[in-house]
Amino acid sequence: MKKFSLSLVGLTLGIVLVTGCAYVRKVTYPPDFVYLEDRKVVSAMADLNVDMWRIDDIIANSESIWPYQREEIIQLLRHMEDVADRLGAGTAVTNHLLIDQNIDLFKDDVRAARKYVQSDPPNYYLAGRLSGSCTACHRRR
């Protein structure tokens, strides 16, 4: 019975701490602050990486890009814009300084690439160069 009581107290304390941390974060940061959890940043970066690889694969391995491939590139670029928004694009401050400094420019690059791909005739140059936008934060070592 004593172990059960200690377990219950421990569980209750854990729940209060987790809930309390979220509350403290909410009241200590300014309203326009976006707190990015590390796992969400890692997940978003993985999404961007997959999209980027797919775009590069289509462009590099096609002598001419078919209409269905063009549509796929457009959808991938839209998805990348959404991911950039999740990372705080257009927001004043997050808890990741490198993201704060570069995410708006990255989103502008993605948007410009999408507009070029949607143009008539389509231009894939900016979409092909998009992976270079990642080097602002991710330098080769």
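Helices H3 and H4 run roughly antiparallel to each other, a label given to angles over 145 degrees. This is a predicted model, in which local features need pLDDT of at least 70 and side-chain atom pairs count only at pLDDT 80 or more, while totals for chains, interfaces and linings use all residues. Residues are numbered from 1 along each chain as its sequence is written, and side-chain values use heavy atoms, leaving out hydrogens and water. Helices here are DSSP runs (H or I, at least four residues), numbered from the N terminus.

**H3 with H4**

- The two helices pack at about 160 degrees with axes 9 Å apart; axes are lines fitted to C-alpha atoms over the stretch in contact, and angles run from 0 to 180 degrees between N-to-C directions.
- Their crossing is left-handed, meaning that the near helix is turned anticlockwise from the far one by less than a right angle.
- On the H3 side, the contact (heavy atoms within 4.5 Å) includes Ile73, Leu77 and Met80, and on the H4 side it includes Ile103, Phe106 and Val110.
- By class, the H3 and H4 contact has 10 nonpolar, one polar and seven charged residues; Ala, Val, Leu, Ile, Met, Phe, Trp, Tyr, Cys and Pro count as nonpolar, Asp, Glu, Lys and Arg as charged, and the others, Gly among them, as polar.
- Lys107 of H4 (residues 97-118) is buried at 13% relative accessible area, where buried means under 20%, exposed over 50% and partly exposed in between (1.4 Å probe, protein chains only).
- Leaving aside residues up to four places away in sequence, Lys107 touches Glu81, Ala84, Asp85 and Ala89.

**H2 with H3**

- The axes of H2 (residues 38-60) and H3 (residues 67-86) come within 10 Å and cross at roughly 160 degrees.
- That angle makes H2 roughly antiparallel to H3, and this crossing is left-handed.

**Salt bridges**

- The whole structure holds eight salt bridges, each a side-chain nitrogen of Lys or Arg within 4 Å of a carboxyl oxygen of Asp or Glu.
- Arg54 pairs with Asp57 at 3.0 Å between the closest N and O atoms; both sit in H2, three residues apart, about one turn of the helix.
- Arg54 also meets Glu72 in a salt bridge (2.7 Å, N to O), and because Arg54 lies in H2 and Glu72 in H3, the pair ties together parts 18 residues apart in sequence.
- Glu81 bridges to Arg111 at 3.9 Å between the closest N and O atoms, with Glu81 in H3 and Arg111 in H4, so parts 30 residues apart in sequence are tied together.
- Glu81 is buried at 10% relative accessibility, whereas Arg111 is partly exposed at 27%.
- A network of salt bridges links Glu81, Asp108, Arg111 and Arg114.

How values were computed. Angles under 35 degrees count as roughly parallel, over 145 as roughly antiparallel, 65 to 115 as roughly perpendicular and the rest as oblique.
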